[in-house]
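Visitor: I'd like to learn how to read a protein model. Could you walk me through this one?

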Amino acid sequence: YLAGVTHLVLRGYPLDAHNLASLLGPLARWTLTELELLDCPVTAADLHHLVAAPKASSLTTLRVTQLDQESRALLGGSQALTAATIYVDNQVLR
């Protein structure tokens, strides 16, 4: 039972918009405070679903690797993730 999960690390997992939205969606049994997407192929279009997800505002830490410039700009300017420290390739984005 995953209701108590607050920190989730995915490494090399092929994500898409549906997967990302379900991690932080209203039906998720958890409220994540830390999410790490390491070596996961993620596009800016996919990240848009993540930052728009209802529980995205609960994140305090988001770590991602291998992002293009459009994805970095999306995360850096996201109003939904204002409470989160965002790390891209182990450097603070904001």
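Guide: A search of the whole structure finds 0 aromatic pairs, where rings of Phe, Tyr and Trp (its six-membered ring) would pair with centres within 6.5 Å. This is a predicted model, so local features need pLDDT of at least 70 and side-chain atom pairs count only at pLDDT 80 or more, while totals for chains, interfaces and linings use all residues. Residues are numbered from 1 along each chain as its sequence is written, and side-chain values use heavy atoms, leaving out hydrogens and water.

Visitor: What sits over the ring of Y87?

Guide: For a charge over a ring, look for NZ of Lys or CZ of Arg within 6 Å of the ring centre and within 35 degrees of the ring normal. Here the charged end of R63 does this, 4.0 Å from the centre of the Y87 ring.

Visitor: Is T61 buried or exposed?

Guide: Buried means under 20% relative accessible area, exposed over 50%, partly exposed in between (1.4 Å probe, protein chains only). T61 has 14%, so T61 is buried. T61 belongs to strand β3, residues 61–64; strands are DSSP runs of E, at least two residues, and helices runs of H or I, at least four, numbered from the N terminus.

Visitor: How do β3 and β4 pair?

Guide: Pairing takes at least two DSSP bridges between two strands. β3 and β4 have 4, in the parallel sense, with T61 opposite T85 in β4.

How values were computed
Rings of Phe, Tyr and Trp (its six-membered ring) pair if their centres lie within 6.5 Å; planes under 30 degrees apart count as stacked, over 60 as edge-to-face and the rest as tilted.
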